[in-house]
Amino acid sequence: MRTRIRNIGILAHVDAGKTTLTERFLYLTGATHKRGEVHDGTTVTDFDPQERDRGITIFAAAVSCDWDGHRLNLIDTPGHVDFADEVERALRVLDGAVAVFDAVAGVEPQSESVWRQADRHGVPRIAFVNKLDRAGADLDTAVESIRTRLGAVPLTVQLPIGREDAFTGVVDLVRMRAHAWAAGADTYTEGPVPEELKDEAVCRRRELAESVAELHPAAFEEFCAHGTLTDDALAAALRDLTLSGEAVVVLCGSAYRNRGVEPLLDAVVAYLPAPSDLPPVRGEHPADPDAPFTALAFKVSATPTGRMTYLRVYAGTLRKGDTVLDTTARRTERIARILRVQADRTTEAQQAVAGDIVAVVGPKTARTGATLCAPDAPVLLEPPVSADPVVTVAVEARRGLDTERLAAALARLTEEDPSLVVRTDPESGQTVLSGLGELHLEVAVEKLRRAQGLEVTVGRPRVAYRETVVEGVAGLTYRHVKQDGGAGQFAHVVIDVEPLAEGDFEFRSTVTGGRVPQEFVRAVEGGCRDALAEGPLGAHPVTGVRVTLTDGSTHVKDSSELAFRAAGRFALREALRASRMTLLEPVAEVTVTVPDSVVGTVLGDLAARRGRVTDSTTRGGTAVLTATVPLAELFGYASRLRGRTQGRGTFTTTPSGYVPVG
């Protein structure tokens, strides 16, 4: 039996209307009694003071509502690239998603990034082309950008009634009925297709049926037999194609004007999967309340009332007072409370069943990515993967008395956000905080100031450099011999080092005749990995290197895994010093949107920042420039761009790897 739950995320580029759409979902389902607005700072999901001040979503927020007898668990995700890890953790526990696109801009850089993230997780999606009431809005152009830029197969199931300011409703091409919203109305009236749109609607309905028949075998048979598809057959085929990821159902509307939202809610229920539609987690436990309990912790939050751990329950039933096993930490935890979450508000629940997303109070050490399960049925789920930090700042308390408080607050920050890394610089002794971007670190530091009341001094941001091999060495010999009484250490290795075109590190062995036993070969690999932590140019991590163990020898008594690990480490260090190395710096693809009149000024500024322009388009008096720019040159770019464009310029960034420093 299909469970009446939908766990979905709202994904999009910043400012495409995700949060507004979530607010309309909550309002129309009766979960809230007033429409929240981003510009007023009254939204449910953007409840953090920084989100309201900045007008963007920073932290993924979970809310629930009911529609057509189904419980919808929604996660409103950030649209800014600096918070892509929040999206990654959300996608790990979601069953489906609504991808929101701007009807004027179509597919934007971050909407492409989150789409690729959803591809990696195999999350079925439907698309909502938003802001059809804006000047320049065009559904067909936006859909074509989904096809060309995302490589998806869009199936448009609605036809807009009216354009731009005159947009008043949609034609449902599956049922061939019109949904129209009167000015200021919260709900639509249903009626026949307007006479002036009948011919176009019939044409588009046939095109939709033909596209579906090409992709779906059962629909193909019916289409060949009858020359069309029934409403129910078309809807069933659309659902199958959505679940398999072969196609994407596209709807349209204006969330701000409350037009097109109810049909989108219907589509969420009709096309996106229930937990029971998905294969059992790791092939072991089905999404069954009677199966052994299995859940993944995808978010940890420190609140004034205690520590909350957000769980996606994959199987079984969790009850208040239960003892569960944290298989990641190998310890048991007691569940003191189970909470239904509505952004920053919670309500008590006695239990949570397979498919639910809830928060629990009680676990003291469970981290993001931890598996919680029944003690008598242990299982370990794959955790979300955190991206490597690329920007670092030094942080210190202004008052010496606050040093310990700062250390505790930083530990709490990294517990809540695993993409933040805190360490002590070995040379300066400073505490350094690393994250995914300048804004990411700004938000983290501001959180220290606001939530903890700490006065913090922050250094200038620095980027994370890498080192790589340009020209390696062959036949480097290293003998590790140590004799200081008792058993000695002996290991002899010969290695080749060469550049690796793709990937960070590759190790292989061509040793024959058992001259180096297999367990010692693995130890040499471990030592080489140790040596990659610091390169010879500036003690930066080394990437893009292949090491081949070509020969070696052992001592009957003194050889050990420890000795060969040390030999591997010192051999690679020597080899890297002997190789020709180069420094790599992180770069980002920057998309700048500015008025035509200031394009020259902006291009000059990008060139001064060592930017390489890769694309330039103009539409309606606005220029969109795309360039690859070193991340180190982008610090402070937001204020510079505002100044050069009188506040009319905007930009977005997407990490695009490392290149040699030039």
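Leu-381 sits in the loop between β21, residues 371-373, and β22, residues 391-397. In this predicted model, is Leu-381 buried or exposed? Its relative accessible area is 3%, and because buried means under 20%, Leu-381 counts as buried. From Asp-172, Leu-381 is separated by 209 residues in sequence and by 41 Å in space, C-alpha to C-alpha.

Let me turn to the open sheet. Seven strands, to be read in the order β2-β3-β1-β4-β5-β11-β6, make up this sheet of 7 strands, and the pairing is mixed. At the edges are β2, residues 61-67, and β6, residues 154-156, each of which pairs on one side only. From one strand to the next, the twist averages 30°.

Within this sheet, β1, residues 5-12, and β4, residues 96-102, run parallel and are joined by 5 bridges. Which residue of β4 is the bridge partner of Ile-10? That partner is Val-98.

Two helices lie across strands of the sheet. Helix α4, residues 109-121, lies across β1, β4, β5 and β11, and runs at about 145° to β1. Helix α9, residues 261-271, lies across β1, β2, β3, β4, β5 and β11; its direction is at about 170° to β5.

The loop between β11 and α9 contains Asn-258. The phi of Asn-258 is near 70°, a positive value in a residue other than glycine. As a general point, most residues other than glycine have a negative phi. Asn-258 is also buried, with a relative accessible area of 0%.

A second residue with positive phi is Arg-610, at about 65°, although it is not a glycine. Arg-610 belongs to the loop between α14, residues 599-608, and β33, residues 612-619. With a relative accessibility of 33%, Arg-610 is classed as partly exposed.

I close with a pair of helices. The axes of α6, residues 198-215, and α8, residues 231-244, come within 10 Å and cross at roughly 50°. The two helices are therefore oblique to each other, and α6 passes α8 in a left-handed crossing. Which residues make the contact? On the α6 side they are Arg-205, Leu-208, Val-212 and Leu-215, and on the α8 side Asp-231, Leu-234, Ala-237, Leu-238 and Leu-241. Sorted by class, this contact of α6 with α8 comprises 7 nonpolar residues, 2 charged residues and no polar ones.

Methods: Residues are numbered from 1 along each chain as its sequence is written. This is a predicted model: local features need pLDDT of at least 70, side-chain atom pairs count only at pLDDT 80 or more; totals for chains, interfaces and linings use all residues. Side-chain values use heavy atoms; hydrogens and water are left out. Axes are lines fitted to C-alpha atoms, for helices over the stretch in contact, and angles run from 0 to 180 degrees between N-to-C directions. Helices (H or I, at least four residues) and strands (E, at least two) are DSSP runs, numbered from the N terminus. Angles under 35 degrees count as roughly parallel, over 145 as roughly antiparallel, 65 to 115 as roughly perpendicular and the rest as oblique. A crossing is left-handed if the near helix is turned anticlockwise from the far one by less than a right angle, and right-handed if clockwise. Contact means heavy atoms within 4.5 Å. Ala, Val, Leu, Ile, Met, Phe, Trp, Tyr, Cys and Pro count as nonpolar, Asp, Glu, Lys and Arg as charged, and the others, Gly among them, as polar. Two strands pair if DSSP finds at least two bridges between them. Buried means under 20% relative accessible area, exposed over 50%, partly exposed in between (1.4 Å probe, protein chains only).
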